[in-house]
Amino acid sequence: MPSPSRLTLMTAAVLSLAACGGGGSPTADTDRVPAGAGEAGGAELIVRLGAVDVASLAASNGLTVLDQFGRRPIWRLRLPAGGDAAAVLERLRGVSGVLNAELNQQSQTPEARARNVVWAIGGDAGSYASQWGPAAVRLPQVEGVAPGTGVRIAILDTGVDMTHPALAGRLARRADGRVLGRDFVDGDDDPSDAGSRADAGHGHGTHVAGLAALAAPDATLMPVRVLDSQGAGNLWVLAEALAWAVDPDGDPTTDDGAHVINLSLGTAQPTELLRLITASVTCGDDDDDDDEDGDGEVDDDERDAAVRCAAGHGAVVMAAAGNDGSDSVLNHPGAEGVPGSRAVTASNAQRQLPGFANRASHVKLAAPGEQIISTVPGGGWGVWSGSSMAAPWASGVAARVLGTLPPGGDASRPTLRQWRPEDVAKRLEDRSALLCGTSIRQLDAAAAVLDLPGDDTPCP
Ligand SMILES: [Ca+2]
Ligand SMILES: [Ca+2]
Ligand SMILES: [Ca+2]
Ligand SMILES: [Ca+2]
């Protein structure tokens, strides 16, 4: 068995994860097999292939082909029940033409961790608006300035309660009026947050969505469900959802995707698939050969990504840094260093890092993440802590920066798509304020939106 891997919600509660799926007989319909925990058969693997045929590779290794990643040479395969994933991965990595082989990391129900603050029902619309977070990131100073008009923020999470009074009017819509969202767990167009109660799995996405909505009052939200009501998900669906979010209609020339993607989740182990797709959605492949994965071939999806990126349809990715209280734990893809993405850790009302906040060297940016009030399913309010609550402030402020003209921008053209994702991310990092007792900097909406130095008031 490989070492346990994790796909986690970046809240106070952290998922414990199983590397292998359960037993049972495989389903016959290989085109529509959903990726995820609880699936029949053994562990799932993800391979990226060069000059080798997936069918013969699968046959010679006793694997079932489940799915292809769009039109990329990336495949999801399943071991037989009881198969030894580590041994098969090692063997596959030795096969000529197998460019990468990794586990489709699986997740399970989160368990609260003792060190962290747990979640509580409470609050109301007034305390949501007046809580400490907005003042801490200087949102009142830019009230009415660049409120995020026309910006779409995708929330990849447990879904969103789309009937919540604070969110119902804030959803991105398709031309026919339907919500622009997607449920990658159930494979449908209804990404409702299935929870009616609030715990580590239920209501997480609704809480996160409420914070992005608060930080960018004119931006609209794209709810994308990648974790089930138990908070379980896997890399494959997350990668599929990322790719969908920047081009929902599958036409790279139309501008229908997210400008900002919020990832209040992550994995403890690096994965090639997440790194590749994060670089693709942020349009990070700028060496002009359109070959995103560097295998020397330009596949159809890479060609589409080049068209999309040439049109400026990339997204900034704001990802939670994690809650291990660690200066060494990495959470991916936030830790990958993809230029158009950032890892965001939690700060507290004392302008410090709370004990649970991760602070590895790649983490440069913090935002309010302790005792944060936001929306929960059923029209209510709840208080939660974690870097999951920090990331959406950064997503919201990124949306607001996108409403301003970039340096050297052309005032005669629409502003939104003149920004490159990496320049938005850099703006948030450069125009920020020092936290106390650390070199990590706090998100600063006024500095970022107005392009001014951060509020470096001395620490008490
Ligand atoms: Ca659904
Ligand atoms: Ca499109
Ligand atoms: Ca390239
Ligand atoms: Ca390629």
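**Entry 1: Val-237**

I began with Val-237, which counts as buried because 24 C-beta neighbours lie inside 10 Å, and the cut-off for that class is 20 or more. I note at the outset that the model is predicted. I then looked up the place of Val-237 and found this residue in helix 6. I also checked Val-237 against Phe-69: the two are 168 residues apart along the chain, and their C-alpha atoms are separated by 9.8 Å.

**Entry 2: helix 6 and helix 7**

I next asked at what angle helix 6 and helix 7 pack. Helix 6 covers residues 235-245 and helix 7 covers residues 272-281; the angle is about 10°, and the axes are 9 Å apart. Helix 6 is therefore roughly parallel to helix 7, since angles under 35 degrees fall in that class.

I listed the residues that make this contact. Helix 6 contributes Leu-235, Leu-238, Ala-239, Leu-242, Ala-243 and Ala-245. From helix 7 come Leu-273, Leu-274, Ile-277, Thr-278 and Val-281.

**Entry 3: helix 8**

I turned to helix 8, residues 300-310, and asked which of its residues are buried. They are Asp-301, Glu-302, Asp-304, Ala-305, Ala-306, Arg-308 and Cys-309. I looked for what covers these buried residues, and helix 7 is included in the cover. Just after helix 8, I noted Gly-312 with a positive phi of about 85°.

**Entry 4: backbone exceptions**

Before this search I reminded myself that most residues other than glycine have a negative phi, and that most peptide bonds are trans.

I found Cys-283 in the loop between helix 7 and helix 8. Cys-283 is not a glycine, yet its phi is positive, at about 55°. Is Cys-283 buried or exposed? I recorded Cys-283 as buried, because 24 other C-beta atoms lie within 10 Å.

I then examined Ala-146, in the loop between helix 4 (132-136) and strand 9 (152-157). Phi of Ala-146 is near 40°, again a positive value in a residue other than glycine. Ala-146 is buried as well, because 22 other C-beta atoms lie within 10 Å.

I placed Pro-333 in the loop between strand 14 (316-320) and strand 15 (341-347).

How values were computed: Residues numbered from 1 in each chain as written. Chains lettered and ligands numbered in written order. Predicted model: local features only at pLDDT ≥ 70, side-chain atom pairs only at ≥ 80, totals over all residues. Axes fitted to C-alpha atoms, helices over the stretch in contact; angles between N-to-C directions. Helix = DSSP H or I, 4+ residues; strand = E, 2+ residues; numbered from the N terminus. Parallel < 35°, antiparallel > 145°, perpendicular 65-115°, else oblique. Contact = placed C-beta atoms within 7 Å. Buried ≥ 20, exposed ≤ 12 C-beta atoms within 10 Å, placed from the backbone.
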